[in-house]
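Welcome! Take a moment to turn the model around on your screen, and then we can walk through it together.

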There are 2 protein chains.
Amino acid sequence: MSSLVQTRATLVLLWVWPLLHTSSSPGYSCALQYIMLHLLGYKLTMDDLKAFRQVDSRTPGHPEYHHTDGIEVTTGPLGQGFANAVGLAIAQTHMAAVYNKEDISPISNHTYVFLGDGCLMEGVASEAASLAGHLQLGSLIAIYDDNHISIDGDTACAFTENVEQRFLSYGWHVLHVDHGDTDLEAIHNAIEEGQKEKNKPTIIRLRTIIGYGSKQQGTHGVHGSPLKADDIEQLKTRFGFDPKQKYVVPDEVRNAYAAVAQRGAALEQEWEQLLGKYCQKYPNEHAELSRRIKGDLPEGWESKLPVYKPTDAAVASRKLSETVLTALTPVLPDLMGGSADLTGSNLTKVPKSVDFQPESTGLGSYKGIYIRYGVREHGMGAIMNGLAAYGGIIPFGGTFLNFVSYAAGAVRLSALSGHQVIWVATHDSIGLGEDGPTHQPVETAAHFRATPNLHFWRPADGNETSAAYLVALKARTTPSIIALSRQNLPQLENSTIEHAAKGGYVVHEVEGEHLTIVSTGSEVGIAVEAAGILEKEGCKVRVVSLPCWRVFDAQPEEYKLSVLRSGAPILSVEAYATYGWERYSHEQFGLSAWGASGPYQKVYEKFGLTGKNIAVVGKKVVDFYKKKGGEIVSPLIKAL
Amino acid sequence: MSSLVQTRATLVLLWVWPLLHTSSSPGYSCALQYIMLHLLGYKLTMDDLKAFRQVDSRTPGHPEYHHTDGIEVTTGPLGQGFANAVGLAIAQTHMAAVYNKEDISPISNHTYVFLGDGCLMEGVASEAASLAGHLQLGSLIAIYDDNHISIDGDTACAFTENVEQRFLSYGWHVLHVDHGDTDLEAIHNAIEEGQKEKNKPTIIRLRTIIGYGSKQQGTHGVHGSPLKADDIEQLKTRFGFDPKQKYVVPDEVRNAYAAVAQRGAALEQEWEQLLGKYCQKYPNEHAELSRRIKGDLPEGWESKLPVYKPTDAAVASRKLSETVLTALTPVLPDLMGGSADLTGSNLTKVPKSVDFQPESTGLGSYKGIYIRYGVREHGMGAIMNGLAAYGGIIPFGGTFLNFVSYAAGAVRLSALSGHQVIWVATHDSIGLGEDGPTHQPVETAAHFRATPNLHFWRPADGNETSAAYLVALKARTTPSIIALSRQNLPQLENSTIEHAAKGGYVVHEVEGEHLTIVSTGSEVGIAVEAAGILEKEGCKVRVVSLPCWRVFDAQPEEYKLSVLRSGAPILSVEAYATYGWERYSHEQFGLSAWGASGPYQKVYEKFGLTGKNIAVVGKKVVDFYKKKGGEIVSPLIKAL
């Protein structure tokens with residue numbers, strides 16, 4: 001067996017352990033990943049490999065979760081896969097703590113991740129690495145392909161830090177293999193040593209030569225471009241392949257991998273037997289674990305969602321969110337949440353819940369469901385993707401809405417991969433007041449509303465908050481951002497969970513209206529106030545709440561046209577940039593630029609976001625369309 | 001003098017050195033910053049201090065550049081200020097290398113930055129710290145307020161890494177002061193030691209007690225909430241103040257600070273004299289340095305912008321961007337750019353330009369204008385803000401458009417602060433082809449178009465690319481993102497720099513049109529193709545290019561209405577989410593979800609973005625509006 005094949009055979013062992021999780025953080029190396037999956041019997045044919053980077057193939061330019069069999073997380077954007085692996089390892093550690101018993105431990109996998117220099121330069125990886133060290137994730141093994149080359153050339157030009165020392169500072173177990181291209185025994189031993197370390201994550205620095213065997217080995221020439229024909233020829237010859245043949249797996253290689261796959265299958269069978277025993281002895285735990293891994297929600301959980309009457313007190317929606325989490329946590333063990341160091345502001349911690357912490361810290365246990373992420377929003381987002389990818393866990397994470405943007409890279413991958421991740425995004429507008437424009441989102445809603453397969457919720461009251469969680473928890477392949485207020489919000493007259501779960505509904509209905517005001521979150525109450533003022537002046541005004549555009553868009557045409565109907569102008573009101581509201585309204589009122597620092601009522605006044613001023617604006621709109629004449633058609637009626 | 005005052009007096013020395021730059025990365029501590037500025041004679045009165053966190057005050061909840069005298073960078077979003085300081089230090093190092101002479105060195109300031117645990121947890125700070133170590137920025141001194149407290153409580157819950165060891169791994173000079181609340185001599189000595197170190201940035205870990213002197217000292221209770229009345233009383237008594245008085249500066253304190261300010265003024269005068277000598281001896285350098293610091297551009301630079309004819313060859317706009325940079329670099333020494341490890345793809349490096357590198361690396365010199373940022377997009381964004389804040393430098397940075405999102409936190413602060421930062425954002429759509437959806441932006445344009453004071457450009461050809469740079473370079477207080485194609489784009493018939501510099505113009509004009517197609521970037525050529533097909537079928541079609549919405553929005557109403565005129569339906573075509581296009585068009589065509597991996601022509605075909613299909617779509621739109629009847633009014637005509 002050639003040394004290339006041997007190397008690969010050693011590495012692929014990593015893919016076959018039952019319930020084992022892997023992440024190849026440098027997603028551009030997916031050709032190798034696809035080949036391994038093919039050789040190990042995943043649903044990836046030789047034709048799939050030939051269709052590499054072709055439209056509609058199973059082998060896109062970077063590996064995509066939910067798209068290709070055996071791909072466990074989507075990678076390519078650097079640093080994400082590494083942070084995903086930290087999430088996978090947290091999930092394993094937590095699920096093991098909850099479900100393993102003294103005599104039977106069905107959850108015992110390691111998580112392996114490959115990473116390169118690029119991943120290590122990214123801040124998201126630094127954040128995740130620091131947290132992984134703190135959390136003492138012994139089941140995590142990272143293999144760092146230290147080849148000294150990134151796209152700009154030798155890493156000497158930008159990346160000269162001491163990686164081993166950095167990981168020691170994070171509390172990792174640090175190993176290295178000096179001849180990573182050839183010293184298979186050393187690689188094997190290092191992995192084994194990593195497996196033995198139970199209280200620290202392990203990183204193995206594998207000193208390698210990029211494009212090993214190519215004429216261009218050791219240069220960035222082999223990073224992004226295909227090798228030249230003559231180079232491929234000499235490379236194949238060198239490793240004992242027929243240089244004339246393409247897309248051929250010699251029997252020798254095929255058999256070597258088949259043996260690996262067989263060993264994996266045997267181990268999987270062993271594991272199934274173990275699980276069978278577990279099922280017999282611990283039927284309740286087994287049932288719950290099976291339900292969670294399958295992705296079902298327990299019967300009747302929705303009945304625990306808080307319900308409000310219009311006469312109930314005004315409450316901040318971040319507080320309403322806390323009430324939802326407090327109600328659901330006892331019936332939904334799948335919920336595992338945390339905050340990026342804003343627990344007391346995000347109200348993400350359910351009373352008496354235990355921190356996910358190593359026992360040795362005295363601060364919690366691995367059974368704990370509350371994660372202290374530290375001020376690491378991007379890391380949190382990517383770790384949540386890993387938690388969701390593991391299965392059995394619905395992760396949520398708190399920060400200010402404005403700082404979800406720090407995690408934009410991870411949020412995008414939640415949506416692309418279909419990871420059910422919930423952001424508890426409090427302090428959702430200028431309504432946060434004194435912290436000022438550095439903390440007040442303006443453009444954020446536009447960003448996330450424009451992202452495919454992402455639900456951006458902005459509930460206006462208690463029932464809408466419950467609805468947001470209802471839909472977010474049912475949406476098993478869609479991430480949600482729930483934008484929540486710092487300030488108190490009144491309970492609305494026509495708000496119910498059922499109504500709000502449609503993404504949009506009529507809060508205040510009148511017939512023969514002169515105007516419809518459409519709004520979200522904290523501004524719906526202001527719109528209702530404006531409607532009241534205008535009604536006293538003889539101007540009939542409907543009010544529509546549109547807490548989630550994407551969910552509303554998915555409703556039947558007839559329903560949507562009944563909410564945003566023709567016949568009168570529609571005015572949108574929201575304390576953000578008006579960008580995008582033209583889809584649902586004829587006229588838009590919002591912020592023309594940044595917010596301001598001050599008590600929130602004063603800030604709202606400064607920007608004209610008061611019932612009184614919206615009434616004036618509404619009157620102007622009504623007059624304009626009266627003067628203009630002609631039919632007023634709903635903006636939803638379109639050719640395309 | 002009380003010890004509190006002494007401590008402060010020591011620290012404020014940092015603010016007064018001529019041309020010295022500072023950043024308080026934990027912006028929530030701005031109350032202290034404002035008080036210091038007041039005591040040192042900046043334009044901040046006692047009334048301003050009393051108006052802390054009130055609407056329209058000079059003392060918002062977090063410090064804002066361009067808003068408050070003496071605030072040099074906007075901070076609050078954690079980690080940014082630290083990375084800004086790295087930018088300030090790069091700027092100083094570069095300007096010193098370019099302008100200092102053996103006998104006269106007008107540029108010799110240190111950059112000081114305060115940071116806390118939160119800053120250190122953020123990935124953006126890790127990225128900047130690693131690069132600062134690599135670049136051996138000896139003039140940078142960071143003071144780490146190691147108080148063991150963040151908002152979630154003791155840092156033991158999430159942040160237990162060894163910070164000193166981490167910074168050693170980055171190649172920093174690491175010092176510590178064990179009693180940071182009281183040991184003024186040790187602080188003084190550490191700063192002095194940091195100043196002596198010329199080849200490494202210095203970090204001083206200052207072990208402190210948060211809320212020192214309060215009854216709640218050492219707890220997170222003093223982090224975000226005001227102290228109670230009795231606590232304030234005992235605190236004032238303890239440090240020798242009258243506990244009954246508020247907003248009072250004892251003469252003793254006022255005088256102590258006046259002496260500091262006086263020393264600063266004297267040093268400033270000394271520096272002015274030095275600069276005078278420099279002016280006499282090196283008049284050319286002095287003139288250029290003065291121009292750069294003032295923020296003027298040199299005479300006639302615009303004439304160097306490349307100009308194209310419709311008959312010129314089709315070229316990728318990333319290549320057109322390289323041509324612009326190559327033309328401008330000789331006449332605009334202010335340009336200092338780089339890439340986040342995608343130099344060969346972004347085409348950001350002008351031939352023969354020198355890398356900004358320590359001489360000892362053998363890879364460049366501090367005179368070099370090309371920065372190898374490594375795979376650190378967020379760090380690059382925040383460092384560019386620091387470069388812009390220093391003065392004299394117009395920073396640009398390259399990455400794929402999709403990965404500008406990694407830097408969202410920094411981009412937002414460029415716009416809020418008014419830093420002229422230019423993103424060379426190549427591979428701007430599904431047109432990047434094989435890399436696939438993980439790299440293909442869909443939501444990105446919506447995000448940045450919705451951000452106030454940010455110019456998102458998407459030029460369609462050579463003249464539009466020149467126009468984008470023209471406007472971006474003239475916009476001294478506005479950042480720009482220039483989205484550029486990987487694939488070749490044809491030169492358009494009516495495209496001129498002057499036209500495109502208006503943000504939008506008519507590319508193809510006809511009278512009595514049945515349809516106007518509005519588009520940007522690589523899709524304008526497709527729209528022109530569609531117009532050609534439709535014209536053969538007797539359907540008259542205008543084509544409008546809208547490379548920068550925000551710039552177009554600022555044009556006179558009459559001009560805008562002449563471009564997007566009433567009378568026929570307007571259809572937008574863009575290879576992004578259609579979100580937001582309702583502002584400029586009646587109908588929208590774009591991507592309904594993610595892109596795909598494959599050769600770019602195939603990907604465009606898959607999503608119907610071909611001249612042929614857009615002609616079909618256009619016909620559908622024309623028929624719909626014909627059938628609908630009634631007047632067709634420009635979407636720009638509005639009540640509000």
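Predicted model: local features only at pLDDT ≥ 70, side-chain atom pairs only at ≥ 80, totals over all residues.

Residues are numbered from 1 along each chain as its sequence is written, chains are lettered from A and ligands numbered from 1 in the order in which they are written, and side-chain values use heavy atoms, with hydrogens and water left out.

How much area do chain B and chain A bury between them? The figure is about 9000 Å², with 57% of it on carbon and sulfur atoms; buried area here is the accessible area (1.4 Å probe) that two parts lose on being put together, summed over both. B:Tyr406, B:Arg412 and B:Tyr579 supply 10% of what chain B buries against chain A, more than any other three residues. The two chains also share 10 salt bridges, where a salt bridge is a side-chain nitrogen of Lys or Arg within 4 Å of a carboxyl oxygen of Asp or Glu. One to look for joins A:Arg583 and B:Glu582, at 2.6 Å from N to O.

Now let us look inside chain A. An automatic or database domain assignment divides chain A into domain 1 (3–26 + 75–208 + 249–266), domain 2 (301–489) and domain 3 (503–628). The centres of domain 2 and domain 3 of chain A, taken over C-alpha atoms, are 26 Å apart. Across their boundary, 31 residues of domain 2 of chain A are in contact with 32 residues of domain 3 of chain A. Together these two domains of chain A bury about 2500 Å², and carbon and sulfur atoms give 60% of that area. A:Ile430, A:Arg449 and A:Arg458 supply 30% of the area that domain 2 of chain A buries against domain 3 of chain A, more than any other three residues. The interface of these domains of chain A holds 3 salt bridges. A:Arg449 also forms a salt bridge with A:Glu574, with the closest N and O atoms 2.7 Å apart.

Next come the sheets. Strands (E, at least two residues) and helices (H or I, at least four) are DSSP runs, numbered from the N terminus, and two strands pair if DSSP finds at least two bridges between them. In chain A, 5 strands form an open sheet of mixed pairing, in the order S16-S18-S17-S19-S20. Its edge strands are S16 (505–508) and S20 (587–589) of chain A, each pairing on one side only. Within chain A, strand S17 (residues 515–519) and strand S19 (residues 570–573) run parallel and are joined by 4 bridges; A:Ser519 has A:Val573 as its bridge partner in S19(A).

S13(B) pairs with strand S14 (residues 480–483) of chain B in the parallel sense over 3 bridges, and B:His455 has B:Ser480 as its bridge partner in S14(B).

Notes
Contact = heavy atoms within 4.5 Å.
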